[in-house]
Amino acid sequence: MQIVVIGGVAAGTRAAARAKRINPEAEIIILERDSDISYSGCGFPYYISDLIKGRGELIVYNPTEFQAAKGVEVRTKQLVKKIVPANKEIQVKDLEEDRTYSLNYDKLLIATGAEPVIPPIPGVELDNIFTLRNVRSAERIKSFIEEKDPQRAVIVGGGHIGMELAENFLALDLQVTVVEMAEQILTTLDPEMAELVSEHLIKKGVEILTDDGVVEFAGSKQVEKVITDSGVELEADFVVLAIGVRPNVELAKKAGIELGQSGAIKVNSKLETSLSNIYAAGDCVESKHLLTDKSVWIPLGSTANKQGRVAGSNLGGKKSEFEGVLGTAIAKVCDLTVASTGLNETMAEKEGFKVVSSTVRVPSKAGYYSGPESIFIKLVINQENEKLLGAQVVGEAGVDKRIDVLATAIYNQMTVKELVKLDLAYAPPYSTPIDGLLTAGIVAGKEFD
């Protein structure tokens, strides 16, 4: 049996390795249009600021290492031009040798990921305007900063990547401005939680413009100014577009594979597409939201890896299913950790839930222990059955463990009163005797007494 995987980053490599483990006799080929495979895109902002030393630390396996370790053939610089489902064939262009060839498959996995959104703004083609998506794009930004010694950076987009870039640009002593079209940064958070992060960044020296989009990049050959819809003109030595990404689905679309309402590839729980023997996984596919049962597109590295494992199991002949997502995410923003899971209050109300929400400020550790930091915890609860719908946590310490507990509680459909019964660990360096998470539950639970 010949299995072909299109795309060699998170989902693709995970699936190929899993399929080979289950079915050692299978011939598995990964086709990747880039020169790098199996890298950690989430580490790019920290590589740019030199917190991560050397590109090698971002790459889990190079092609030769992956082939030797996993027994999977890896072909880089291969652009898949067309899928011909009727013949179980793909047409590939070898970018190094400048030749085109055909390759047959018994089973095919599409793991083409996502690509940066580049809006048609006048001047967007000027030099010194960057996107951040692969190793080479991170190297371009890093090299530019090291060689040109810029002073002013403008980040277009206030999502997680934009915030992480802001932190790492600050570490390089750059003047940083963030421009966000929405009314707030970090739109997965409710406004009052996002405001905590915004205030923190402003104290650190970041200029933040919200409810204001970019209408022009001005300059002769390279960007010199960023002009916003409100008329603000920002001096800029370089710009990073962190507006977001879109699913890379052209190949699937041309093959007649069904797309979902989000524009990503529609798959079932086995990650099968609408065409037989063709699977899809990672940032190019939709997932089911576990709270709404609706299809959503939430591109996350953690999800891509889990989907890759499920797809690999099915490719190899062992049945496996991917249940869905809650959209649990976390980011470091200077001294704060920012995390969310499930639905925020705005999302929940839009989905038709009657909600009760509660926000508390609690210490992350015992008051008498050195350096207690505050944590802000917001719970979103279904008023009709008291079940948790979502949570947001912002603070300096202990955010990660609390958001993971809350994600687990939501997955298991716990009520707020059941949350309060959890037997959580306590020691002065890590929590108060009644953990702040339980305090948040107690406060929220008063609505149901």
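**Close-up views of a predicted model**

View A. Lys294 is partly exposed, with a relative accessible area of 44%. The model shown here and in the other views is predicted. Lys294 sits in the loop that runs between strand E19 (287–288) and strand E20 (295–296). The view pairs Lys294 with Glu351. Along the sequence, 57 residues separate Lys294 from Glu351. In space, their C-alpha atoms are 10.0 Å apart.

View B. How many cavities of 30 Å³ or more does a search of the whole structure find? The search finds 1. The space in the largest cavity comes to about 50 Å³. Its lining includes Gly282, Asp283, Val285 and Ser287. Trp297, Ile298, Pro299 and Leu300 are also among the lining residues. Thr303, Ala304 and Gln307 complete the list. Which element gives the largest share of this lining? Helix H8 (residues 301–316) does, with 3 residues. Sorted by class, the lining of the largest cavity holds 6 nonpolar, 4 polar and 1 charged residues.

**View C. A surface patch of tyrosines.** Tyr368, Tyr369 and Tyr426 make a nonpolar surface patch. The patch covers about 370 Å². Tyr368 belongs to the loop between strand E23 (355–363) and strand E24 (374–382). Is Tyr368 buried or exposed? Its relative accessible area is 65%, so Tyr368 counts as exposed.

**View D. Glu139 and Arg55, a salt bridge across the sequence.** Side chains of opposite charge can pair when their charged atoms come close. The structure holds 23 salt bridges. One of them joins the side chains of Glu139 and Arg55, at 2.5 Å from N to O. Glu139 is in helix H4 (residues 135–148), while Arg55 is in the loop between helix H2 (44–48) and helix H3 (63–70), so the pair ties together parts that are 84 residues apart in sequence. Arg55 is partly exposed. Its relative accessible area is 30%.

View E. Glu97 and Arg99 form a salt bridge. Their closest N and O atoms lie 2.9 Å apart. Glu97 counts as exposed because its relative accessibility is 54%, and the cut-off for exposed is over 50%. Arg99 has 40% relative accessibility and counts as partly exposed.

View F. The side chains of Asp190 and Lys378 meet in a salt bridge, with N and O 3.0 Å apart. This pair links distant parts of the chain, 188 residues apart. Asp190 is in the loop between strand E11 (175–179) and helix H6 (191–204), and Lys378 is in strand E24.

**View G. A network of salt bridges.** Which residues are joined into one network? They are Asp50, Lys53, Lys142 and Glu146. The joining salt bridges share partners.

**View H. Positive phi at Asn128.** Most residues other than glycine have a negative phi. Asn128 is not a glycine, yet its phi is positive, about 70°. Where does Asn128 lie? Its place is the loop between strand E8 (114–116) and strand E9 (129–131). Asn128 is buried, with a relative accessible area of 13%.

**View I. Positive phi at Asp173.** Asp173 also has a positive phi although it is not a glycine. Here the angle is about 65°. Asp173 is in the loop between helix H5 (160–171) and E11. Is Asp173 buried or exposed? Its relative accessibility is 68%, so Asp173 counts as exposed.

**View J. Ile83 and Ser102.** Ile83 is part of strand E4 (residues 78–84). This residue is buried, with 3% relative accessible area. Ser102 is 19 residues away from Ile83 in sequence. From C-alpha to C-alpha, Ile83 and Ser102 are 9.7 Å apart in space.

Methods:
Residues numbered from 1 in each chain as written. Predicted model: local features only at pLDDT ≥ 70, side-chain atom pairs only at ≥ 80, totals over all residues. Heavy atoms only, no water. 1 Å grid on protein atoms, 1.4 Å probe; cavity = no way out; pocket = protein on both sides within 12 Å on 5 of 7 lines; lining within 4 Å. Points joined across faces, edges and corners; volume = space filled by probe spheres on them. Helix = DSSP H or I, 4+ residues; strand = E, 2+ residues; numbered from the N terminus. Nonpolar A, V, L, I, M, F, W, Y, C, P; charged D, E, K, R; others polar. Patch = residues over 30% accessible without salt bridge, like charges linked within 9 Å, V, L, I, M, F, W, Y side chains within 5 Å. Areas by Shrake-Rupley, 256 points an atom, 1.4 Å probe, with all protein chains shown as cover. Salt bridge = Lys/Arg side-chain N within 4 Å of Asp/Glu carboxyl O. Buried < 20%, exposed > 50% of the residue type's maximum accessible area, 1.4 Å probe, protein only.
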